[in-house]
Amino acid sequence: MDNILLSVQDLKVYFIGNERVARALDGVSYEVSKGETVCLVGESGCGKTVSALTILRIIPQPPGKIMGGKVLFNGQNLLDLSKEEMQKIRGNHIAMVFQEPMTSLNPVFTVEDQIQEAITVHEMVDEREVHQRCIQLLKDVGIPSPEGRLKDYPHQLSGGQRQRVMIAMALACDPDLMIADEPTTALDVTIQAQILNLFQELQQKRQMSLLYITHDLGVVANIADRIYVMYAGIIVEQGDASNIFHNPCHPYTQGLLTSLPSRAKRGSKLHSIPGTVPDPAHKPGGCPFHPRCDFAIQACGTEFPRVCDYGEGHLSRCPVLYENKVPKVPKMT
Amino acid sequence: MTNNTILKVEGLKKYFPVRRGFFQKLIGWIKAVDGVDFEIYKGKTLGLVGESGCGKSTTGMLILKLLEPDEGTIIYQDQDIIGLSQDEMKPLRKEMQIIFQDPFGSLNPRMTVGQSIEEGLRALGVKGHVDRKTRVSNLLEMVGIGPSTADFYPHEFSGGQRQRIGIARALSVKPSLIICDEPVSALDVSIQSQIINLLKELQAQLGLSYLFISHDLTVVGYISDTVAVMYLGHIMEYAPADELYDNPLHPYTLALLSAIPTPDPDDRHELKALAGDVPSPFNPPPGCRFQGRCPLVEARCREEEIELYKVNEEHTVRCWKVIR
């Protein structure tokens, strides 16, 4: 299909220390089509951020090491590119927005300096035009009176505005793919709603693809076309939004959905997944989820789970549920 | 004050002075908590919700007198504690405990978990090494991490387990009231539900009362009996949880509720975002605190202080536009 913009194939990234090897990504594959919003969901340490950093080749090496796999962007393997070629991709074609806008903005430069830099690194444009474009970008991301804000330093902006500036920087060269790594986690709900609306508006206007990384299932349900659920360095389930939320076929996805608190569940005990997320250096053999899984059978501890196809692109790595046709979880209220 | 009330707060105020320049001239006040009233009932949970900077954590600190309140009354079981000195507060410290948000920052990395929990017992005056050791084991058992872990150091635990240790520490002195300051905000979804369940179980088992401070309306809606919505130092709406979620009145409560994305792809409503940012509590304008972002704002909102109106016996709201 030529509609596919980004295709990550069997990506393996390990972090190698003196005594231990953390297998952050253990064979991860996913795809983003043009104009699509794809969500990577998972808890801390599951490898979702590492996979994004690997796409842009900005994981620290060493200790990180890409052990195998491909990152195809428009058919080109980004892992084969030279440093200079990669530099042309970053920002120009793939841009990234990080979680903490205060640490990703440079505190000693003004907003204009920082947006300007993003433009001039990639394009030869004269100063006047750059200035005009900075104003236009700030307007696009909904910052009121952008002319006045250009000379502000990051500390003079609120958290929501800082995140808007980060988005403006990411948009500076009109990327084809925007990677957003937990962009609203540090923000208040009302501000989060503003930023989410902004993403959707920008995406429609610019026909941009969005790879959105988050742990918040509420946000996912609101924006995702397709979802990949990650656990301990592998993708355990993938499918479109309604499949994942209404017909989850992996015990981990089911567990995540049923453990969400809601007012409707008041008075009853919340379902919870026992145990904790495994240390990436000491992952259990077989299915990494089996020590916490209610459905685990003996084979789960020894065999790496195969992919089971439920049709319509809905895949899950749990043969136990697939073969036993275990009852579905009740619909979320 | 009824017999069922464990804590009653009235007109609580805390202003922080802002000084600037060589002579440290006073240039204004940050009105962090500006006249807050609420009641916590025995064995029940009061949820205090609001966005960052609204004064919810300051309120928690004031109740424990970790910060000295400027005005108001705090009545803990028929005793006004506002004027008490730190020495006089000491016996009450056993009654009121706090659980912090960040389980990494709130445990001493150089003390074993056992020592950390024992510290509280020593302050309580539990004599005898063996007695204290058994108490520690019991506490660790109670929070679900097993007594054998008493000799481990905090870094050997995950975030969720550390939060359990924080809870064990708070429980060590047998308190009646626990102030939970964003206890699950730093935790992963699957761990969050474990801790919420634990807090609920302990409440049922020990008859604890909670002041549950959080920015997350879904968690608060699940765990609380009564909810107070706070904005810039004021309580905007105060009602039993069911009433508040079924019949929210204040434009700010409505905005908060409609800004939460629901975990259901079929229910994709456009998130109604409030315009603007949370304003700073530094020298707030006269009138309603919410005036700058309110869709219903009128001249009167800018001119006079808006009082809390009674909707019914249990439901109050600080907005004159929405009352019938």
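Strand β4 (residues 71–76) of chain B is joined to β5(B) by two bridges, and the two strands run antiparallel. This is a predicted model, in which local features need pLDDT of at least 70 and side-chain atom pairs count only at pLDDT 80 or more, while totals for chains, interfaces and linings use all residues. Residues are numbered from 1 along each chain as its sequence is written, chains are lettered from A and ligands numbered from 1 in the order in which they are written, and side-chain values use heavy atoms, with hydrogens and water left out.

**Strands**

Helices (H or I, at least four residues) and strands (E, at least two) are DSSP runs, numbered from the N terminus. Two strands pair if DSSP finds at least two bridges between them. In chain B, four strands form an open sheet in the order β2-β1-β4-β5, with antiparallel pairing. Its edge strands are β2 (25–41) and β5 (79–80) of chain B, each pairing on one side only. Within this sheet, I75(B) stands opposite D80(B) in β5(B).

In chain A, strand β7 (residues 177–181) is mostly covered, with five of its five residues buried. Buried means under 20% relative accessible area, exposed means over 50%, and partly exposed lies in between (1.4 Å probe, protein chains only). In a regular strand the side chains alternate between the two faces of the sheet. From β7(A), L177(A), I179(A) and D181(A) point one way, M178(A) and A180(A) point the other way, and all are buried. Strand β6 (residues 94–97) of chain A pairs with β7(A) in the parallel sense over four bridges, and I179(A) is the bridge partner of M96(A). Strand β8 (residues 209–214) of chain A runs parallel to β7(A) and is joined to it by five bridges. One of the pairs here is A180(A) with Y212(A) in β8(A).

**The interface of the two chains**

Contact means heavy atoms within 4.5 Å. By that rule, 42 residues of chain B are in contact with 46 residues of chain A. Buried area is the accessible area (1.4 Å probe) that two parts lose on being put together, summed over both. Between chain B and chain A this area is about 3700 Å², and carbon and sulfur atoms give 52% of it.

A polar contact is a pair of N or O atoms within 3.5 Å; within protein, one must be able to donate a hydrogen and the other to accept it, and residues adjacent in sequence count only if both atoms are side-chain atoms. Across the interface, 15 residue pairs are in polar contact, both residues being at pLDDT 80 or more. On the side of chain B that touches chain A, α6 (189–206), α7 (217–223), α8 (241–246) and α9 (251–259) of chain B each supply at least two residues. The most come from α6(B), with nine residues. By class, this side of chain B has 17 nonpolar, 13 polar and 12 charged residues. Ala, Val, Leu, Ile, Met, Phe, Trp, Tyr, Cys and Pro count as nonpolar, Asp, Glu, Lys and Arg as charged, and the others, Gly among them, as polar.

**Salt bridges**

A salt bridge is a side-chain nitrogen of Lys or Arg within 4 Å of a carboxyl oxygen of Asp or Glu. Side chains of opposite charge can pair when their charged atoms come close. The whole structure has 27 salt bridges over all chains, and two are found across the interface of chain B and chain A.

| Pair | N to O distance |
|---|---|
| K205(A) and E201(A) | 3.8 Å |
| D242(B) and R266(A) | 3.7 Å |
| R300(B) and E304(B) | 3.4 Å |

The pair D242(B) and R266(A) crosses between chains, from helix α8 of chain B to the loop between α11 (251–258) and β11 (308–309) of chain A. D242(B) is partly exposed at 38% relative accessibility, and R266(A) is partly exposed at 25%.

K205(A) and E201(A) both lie in helix α8 (residues 189–206) of chain A, four residues apart, about one turn of the helix. K205(A) counts as exposed because its relative accessibility is 56%, whereas E201(A), at 38%, counts as partly exposed.

R300(B) is partly exposed at 29%, and E304(B) is partly exposed at 36%. Elsewhere in chain B, a network of salt bridges links E118(B), R122(B), R132(B) and K133(B).

**E51(B)**

E51(B) lies in the loop between β3 (45–49) and α1 (56–63) of chain B. It counts as buried because its relative accessibility is 2%. Not counting residues up to four places away in sequence, E51(B) touches residues including D188(A), V189(A), T190(A) and I191(A), as well as K56(B) and R293(B). The side chains of E51(B) and Y252(B) are joined by a polar contact of 2.8 Å. The C-alpha atoms of E51(B) and M230(B) are separated by 8.0 Å, and the two residues are 179 residues apart along the chain.
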